[in-house]
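Here are a few exercises to work through with the model open beside you. Try each task before you read its solution.

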Amino acid sequence: MARILIVDDSASMRNMVAATLQSAGHQIKDAADGQQAFGVAKGESFDAVITDLNMPVMNGIELVRNLRTLPNYKYTPILLLTTESSMDKKSEGKSAGATGWLVKPFNPEKLLATVNKVLG
Amino acid sequence: MTIDLKQFYQVFFEESYEGLDVMEQGLLEISKSGTDDPELINTIFRSAHSIKGGAGTLGFPEIVSFTHVLETLLDEVRDGARSLTNESIDLLLKSCDALRDMFQSLEQEQPIDDTVSKELLAAFEQMLSQPSATGETAAGEAAGSDAGLSSQDSALEQTFFPTGDAADGSAGSDAGGDKIWLIGFKPEPQILLTGNEPLRIFRELEELGSLDVEANVEVVPAFDQISVDECFVSWTLRLDGSVDRDDIESAFDWVMDECELNIERVDAHATSDDASANESAEIEVTAASDGTDEPTPAVAEPQAAPEPATVSVAEAPAAPAAKPSGTLAAKAPAAKSESGGMSSSAGGSIRVGIDKVDNLINLVGELVITQSMLSELGNNFDMDKLERLANGLEQLQQNTRELQESVMRIRMLPISFTFNRFPRMIRDLSMKTGKKVDLVLSGEQTELDKTVMEQIGDPLVHLVRNAIDHGLEMPEERAAAGKDETGKIQLNAEHRGGNIVIEITDDGRGIDPDKILAKAREKGLVAPEQELTVPEIYDLIFEPGFSTAASVSDISGRGVGMDVVRRNIKSLGGRIEIESELGKGSTIRVHLPLTLAILDGQLVRVGKEVFIIPLVAIVESLQIKAELVNRVSGNMVLYRLREDNVPIVPIYKEFNIEADNQELENALLVVVEGDGNKIGLLVDDLLAQQQVVIKSLESNYRRVEGISGATILGDGSVSLILDIQGLITRASRNRRKSHSSRAA
């Protein structure tokens, strides 16, 4: 069981990812944009972060960049959950410090497998 | 693991309706300002994108393919390859409508009617294939990359990693059997800082076949020079098994550009296999981007999804039909208003800010503490603990009040929910009528009870339509009258006392009282000799049977008349009034109660009865001084209150009951105000002030003049709530009667 932070501006996407991960016994917190997520992340620690890319206020790439400045999140797996799988977005995310990416629309089994993989 | 996706439908639908509203507002703004504000475009894009993402996961292929085309267009705009023309805005707005219809069908578990969406798609495709040639390639790329599903996705990546090979899977598996792979993996030092753990990758490879790992540690610096954040080790791995190249690559997917990776097949068939694989990889790549240039690129998307997703796509639309029970089915019969956006919330649920819920949870926490304190106190109670008990009860009272306020606040929504439908409506109307209209909204954040909001939507729509249709003049006419050619409609909402006031103001031709009166006489609504004041004449507009038939048009002349508008507003406990100046314009003002459920009341006693006076209506309470009482005539008695003469209304007379005291001297007078008029209510005693839950008298008994409802008090007795406005109207009627009798 791990503690995972889910960041997406779409509530239904958050719900779906959360329910998938909860079904495997993970503990979930969520946030609707990067800024909110950063606030939550500062206060506690998570075993993994899953974030959308295109969000209002603070986008996913900025969030990753900001999280990596926190000592707690130096090595934490951060996955980008996005449909914008074009390479420049991915590499932008990677150079900001993202661990990898998940593609949406997602299939629950695959999502879970990937998350479990990064949790080790 | 199985997850029932249906549980997410409702939230997704509501979110999508909201997203469509956001898109629509953004589009209207762009259409108005004429500039493609990048932030605005991105917001619109994001909405379409979220809808597509959710629809894809939940298995609504019709929505996916439709939004995909919108997204393609918007993406071109975002990249600057295309600008939004009026034509494309129109098309996008129509698409919002079409999507709303599609969502409503899904919500009601009806099959989706795709005639409209097909027409729109055709129009989009025509647009996308039009001159903006740069746009077309951008669209192709965007679609290809956005498809984002594993096979296409990895195929695209191959372009960046030509050593890689997407088609190896098929070629390799044809050959079957075990293969031996030699993998050189040299990560860049900072790889650990992205949370990528080489061990994790090895573990994944280990699942594919038997793995030998050899670490090369030559470059690891001396211990005192080691930086813990950096990775100095490289590895040589030997993987044995029926494994394809893309399986291996997918394990390294995330670290591709942060390492040197060398994957080599070292068993007997290696060379020929690799060569053919490379070739087909290129073909694959082209195929992937070609495919997206096809007219309906998105259709391919669900098929390209990994297998389990395809299954859910096929299943989802059929599944709801098989189970017609549950919340979705229950919602289906709910009436839908024509504008769609609001109708989504007409059903059961409400979206509430997290802060409001958190606040509620805190309060419940406090309540629990108070409760446990009280029950502990009660366990072995003696008189010494009386003070603590009193404190506890006081705390309980406070908790309850706060909890109640907090729950009420949950029902409150900003009126922007209703206002937001107007920009679109006005755009459409202005195109239809040829009138130029500028809409100004203010006070959109004013909060209003959800039930009131839902019911005020249609009357407001009607009023705004009327303002444009009857109020505003054609541009030429306006120019001739020395006005700006563009007419102005203002919508304003604000809190005034316990009410919310919504004003619809136009700067049009205004209402001509003479014309109205003439028409009313013609229709027999007003007797020929009867004289009316101007406000009374305006009021005629709301009479049933009064229609400005001369100007009935496509817009406002349909069905619902102003009488229905007034009836709706009255049934909400509100009222409507008109102010107008000929040639300058009109203002229609709608007063509504903030909530229909709870009222702050002053309890008063008259004889044996307890009545409730809405606290907001009370100006002051005083003891009558005989010298200020002024008997005008008959039964009309006025009280001199500073500058005002306030009619005294004895409640016992109004309701024909026994009072303790019928003398005016030293009696208690509660001065109340409604609509700028004051009256003084004569009561026997002032009791407590408290919040009461309003129960309708009409639905439980029947309408009674002067009474707006009833409530149940703490001791279980029923108490009537006074209708201040009604009492004032009655008093002024009596006053007029006494005036006229005096005159006669």
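The exercises below move from one site to the cores and then to a pair of helices.

This is a predicted model, in which local features need pLDDT of at least 70, side-chain atom pairs count only at pLDDT 80 or more, and totals for chains, interfaces and linings use all residues. Residues are numbered from 1 along each chain as its sequence is written, while chains are lettered from A and ligands numbered from 1 in the order in which they are written.

**Exercise 1.** Find A:D52 and work out why it counts as buried.

Solution. Start with the record: an unreviewed UniProt entry places "modified residue: 4-aspartylphosphate" at A:D52; such annotations may be inferred rather than shown by experiment, and positions follow the numbering used here, with feature names shortened. Then count: A:D52 is buried because it has 30 C-beta neighbours inside 10 Å. The cut-offs are 20 or more other C-beta atoms within 10 Å for buried, 12 or fewer for exposed, and partly exposed in between, with C-beta atoms placed from the backbone. Finally, list its contacts (C-beta atoms within 7 Å): leaving out residues up to four places away in sequence, A:D52 touches A:V7, A:D8, A:D9, A:M13, A:G60, A:L81 and A:T82.

**Exercise 2.** Which residues have the most contacts inside the largest nonpolar core?

Solution. A nonpolar core joins buried Ala, Val, Leu, Ile, Met, Phe, Trp, Tyr and Cys residues through C-beta atoms within 7 Å. The largest one has 69 residues, and A:L5, A:V49 and A:I50 have the most contacts inside it. Now take A:V49: beyond four places in sequence, it touches A:L5, A:V7, A:A41, A:L67, A:T76 and A:I78. A second, separate core has 39 residues, including B:F419 and B:I541.

**Exercise 3.** Describe how α19 and α20 of chain B pack.

Solution. Two packed helices are described by the angle between their axes and the distance between the axes. Helix α19 (residues 422-433) and helix α20 (residues 450-471) of chain B pack at about 35 degrees, with axes 11 Å apart. Axes are lines fitted to C-alpha atoms, for helices over the stretch in contact, and angles run from 0 to 180 degrees between N-to-C directions. Last, inspect the contact: B:F422, B:M425, B:L429 and B:T433 in α19(B) meet B:V461, B:V464, B:R465 and B:I468 in α20(B).

How values were computed
Contact = placed C-beta atoms within 7 Å. Helix = DSSP H or I, 4+ residues; strand = E, 2+ residues; numbered from the N terminus.
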